[in-house]
Amino acid sequence: MESNGKAEKHGLERDADLQLLLVGGELLKVRSSSWKKNRFYKLQEDCTTMWHESHRTFKRNQTFSIDEIESVRKGRQSEGLQKHTEAHVEDRCFSIIFKGRRRNLDLIATSAEEARQWVNGLEKIISNMKKLNSHWIFNCMRKADKNKDNKMTLKELKHFLRQINIEVDDMYAEVLFHFTLSEEELNIKHFYDLLIYREEIDVIYGKYATTGEQMSVKDLLNFLLNEQREVATMEDAVSLIERYELDDSAKQKNHMTKDGFLMYLHQEEGSIFNPAHKEVFQDMSQPINHYFISSSHNTYLMEDQLKGHSSTEAYIKALMKSCRCVELDCWDGAHGEPIIYHGHTLTSKVLFKDVIKAIKEYAFKTSEYPVILSLENHCTLEQQKLMAKHMISILGSALLTSPLEDQMPTAFPSPQDLKGRFIIKGKRLNKLDAVFSNTSPGVEEDCVSEEDEAAETSNSKTDTNGQKAKKSKIKLAKQLSDLVIYCKSVHFSGFEHAKDKQAFYEMSSFKESKAVNLAETAGNAFIHHNMTKLSRIYPAGSRTDSSNYNPVSLWNAGCQIVALNFQTPSKEMDLNQGRFRSNGVSGYVLKPGFQRYPGTEFDPMTLTKGPWLKRKTFHIMVISAQQLPKLNKDKCKSIVDPLVKVEIDGVPADTCSKETRSIENNGFNPMWNETFQFDIQVPELALVRFLVEDYDSTSQNDLIGQYCLPLTSLQNGYRHVPLLTKHGDVIPSAGLFVHLMLLDAK
């Protein structure tokens, strides 16, 4: 069977779970408590597409690509299944979570065993597809074969070329067709070899392959030392041959063929991103304020902050991206249960306790380092007490309820010390010293000023006499207050006041405009403030569309908790993903030494002389791209005209952008061979962002793909750059090929 051939390609031809998916079966689709309907689901023979029955008049048969799936969750692990199903069907439930903003697919199987097989089968296919580099081309070949006879006519060839983003005229297509013709049929193998041929790889390989037509282990070592600038040994070269050489006879001679060489370049060793930085490699024993911390604003929102949907899914998505500080905007709810939503708007509401349950479940799946729960508290005393009760009962011993030390601390603990712990940020009725005091427990409740974002609107209002309104006050319950240990929210009254009057655990939140102004006018003072305190930055309330501000200038000033709207794809989120790509995607990145140690004169605006000026020259050649996706898949003749932008984001003196020319009608294998040079003053704060766009002379260019990483995490030499969607998901098979050299400036 054809399906067995495809399954064999995935190494799963005898897998019972996969066979169940290929046969298909009925599953109960759940949309609401009243909308639960049986639908037939089946994995297509290509093992890359899922077909499902639909009862819509115009869309009775629908499909989605396995590539569109972000994850599969077993059990009632989605908001929909928890809300619309009973606990007794737990072991029959599973959810397909899609990338981007597409709604989850919540399903119930007929038995627990069937649910297990669906989940296992889908996870195996997803895992295997990530390992296959060429499935995209084969999939396009299959789609082009309209009559499904496993042969290609000239007409089907033209359709196939458009599918893979190449525009050719009829004459060239006919020449190509006849050139690869064998017995009146298109020779698929010959044609495929022509398609994947890379002239630039030929040149590089030919330069180093001195042993006949193959690279010896010595040739490969020379390449690693001279081109890739790696500290490599003969054993390293042998290891690469053993892992990536496909030809057994070449492997026995310790040789690497051109196919093996290309395979190596497509693996993590040939990636632009240093594989050593995929693990936690930084010192994690320093005080927590010495780190940049991946942080989310309005975490509960899936969309904008006027009428967007609030969901536990938003917390799960942020936490699975290693976000380590999430926001909970808490208000009184019905039936005595506190809720989370964007107050005084049309955004939907979600129960506080459901959010805490989701956080408990997903907080440490991608990172074991501490999660800060930033409470925006608008609740009455009774519901505050219930908030405290929920957090204590649900989070259990993982919730930090007292300092780690046996005596009053004088500095923050480290991420290492706080592994697997939850830290509450919010208002506190008294000083932390009270925890160690033998005096009476103090007041059970009291009024505190409303700070942070809640105060932004009210504090900007004026009364009828034109005077600024007084700060609003709220009553705070002792039960909630006592959970605030290392992150007590206080008003910011200036750097000198903070230095003289504030304890280390008393932190302030800044609206973006105020923070940016401080970073630009008092950068050195802000940096010194952040050496002993935590600072949280949040977007202006006027960003009702949940847009983002540029976080780079705040990182330059040493701010740790620079909160962004994770739900909004943007350049700013690309930069955030790039900043936290390093150090094992742990959500914590150690700040440079000149942002941590007292006495520094570093100011990102003026750049006075000092150890932070480790000037580098960054040379980059943008060589080519491979298998760029079509943007308008509905138009068969729509081919992209790609160009590449290379951006540096860092201190103002380093911020710069350069771009290649556009290539007309070729998204499959465009070549530029264009060289750029960037002079970098402060490399430890610089991010490199690659942007591939579809050029349009009459309107704004469309994004094809992007990738961002710290300058200090890139590898020299010939490297492949993966490309991501605007949502940060990998685009299968697509990428850039570049040559990089980061050198000390002369």
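Tutor: Buried means under 20% relative accessible area. Keep that cut-off in mind. The model above is predicted.

Student: What share of the protein's residues count as buried?

Tutor: Of its 746 residues, 56% do. The protein has 23 helices and 32 strands.

Student: How many of the residues of α14 are buried?

Tutor: Eight of the nine are, so α14 is largely enclosed by the rest of the structure. The buried residues are T312, E313, A314, Y315, I316, K317, A318 and L319.

Student: How do I read contacts across the whole chain?

Tutor: Ask how far apart the partners are in sequence. Take the contacts between residues at least 6 apart. Of these, 68% join residues at least 24 apart.

Student: What should I look for at the two ends of α14?

Tutor: At the start, find S311. One of its side-chain oxygens reaches to within 2.9 Å of the backbone nitrogen of E313. Just after the helix, find S322. It takes a positive phi of about 65°.

Student: How do I read a positive phi?

Tutor: Start with the general rule. Most residues other than glycine have a negative phi. Now look at two further cases. S546 is not a glycine, yet it has a positive phi of about 60°. V585 is not a glycine either, and its positive phi is about 45°.

Student: Where do S546 and V585 lie?

Tutor: S546 lies in the loop between β22 and α22. V585 is in the loop between α23 and β24 (588–590).

Student: Is each of them buried or partly exposed?

Tutor: S546 is buried, with a relative accessible area of 0%. V585 counts as partly exposed, at 36%.

Student: How do I read the packing of two helices?

Tutor: Look at the angle, the distance between axes, and the residues that meet. Take α10 (residues 217–226) and α11 (residues 234–244). They pack at an angle of about 110°, with their axes 9 Å apart. The two are therefore roughly perpendicular to each other.

Student: Which residues meet there?

Tutor: From α10 come V217, K218, L220, L221 and L224. From α11 come M234, A237, V238, L240 and I241. The contact has nine nonpolar residues, no polar ones and one charged.

Student: How many salt bridges does the structure hold?

Tutor: It holds 30. For each, ask which parts of the chain are linked. K488 pairs with E506, their closest N and O atoms being 3.3 Å apart. K488 is in strand β20 and E506 is in strand β21, 18 residues apart. Both K488 and E506 are buried.

Student: What about R543 and E512?

Tutor: Their side chains meet in a salt bridge of 2.6 Å, N to O. R543 lies in the loop between β22 and α22 and E512 in helix α20, so the bridge ties together parts that are 31 residues apart in sequence. R543 and E512 are both buried.

Student: How far apart in sequence are the parts tied together by E647 and K571?

Tutor: They are 76 residues apart; E647 lies in strand β26 and K571 in helix α23. The closest N and O atoms of this salt bridge are 3.5 Å apart. E647 counts as buried, at 9% relative accessibility. K571 counts as partly exposed, at 30%. Salt bridges can also share partners. Such bridges join D15, D17, E113, R116 and K124 into one network.

Student: Which side chain does S570 contact?

Tutor: The S570 side chain makes a polar contact with the side chain of N548, at 3.4 Å. S570 sits in the loop between β23 and α23. S570 is buried, with a relative accessible area of 17%.

Terms used. Residues numbered from 1 in each chain as written. Predicted model: local features only at pLDDT ≥ 70, side-chain atom pairs only at ≥ 80, totals over all residues. Heavy atoms only, no water. Axes fitted to C-alpha atoms, helices over the stretch in contact; angles between N-to-C directions. Helix = DSSP H or I, 4+ residues; strand = E, 2+ residues; numbered from the N terminus. Parallel < 35°, antiparallel > 145°, perpendicular 65-115°, else oblique. Contact = heavy atoms within 4.5 Å. Nonpolar A, V, L, I, M, F, W, Y, C, P; charged D, E, K, R; others polar. Buried < 20%, exposed > 50% of the residue type's maximum accessible area, 1.4 Å probe, protein only. Polar contact = N/O pair within 3.5 Å; in protein donor to acceptor, adjacent residues only side chain to side chain. Salt bridge = Lys/Arg side-chain N within 4 Å of Asp/Glu carboxyl O.
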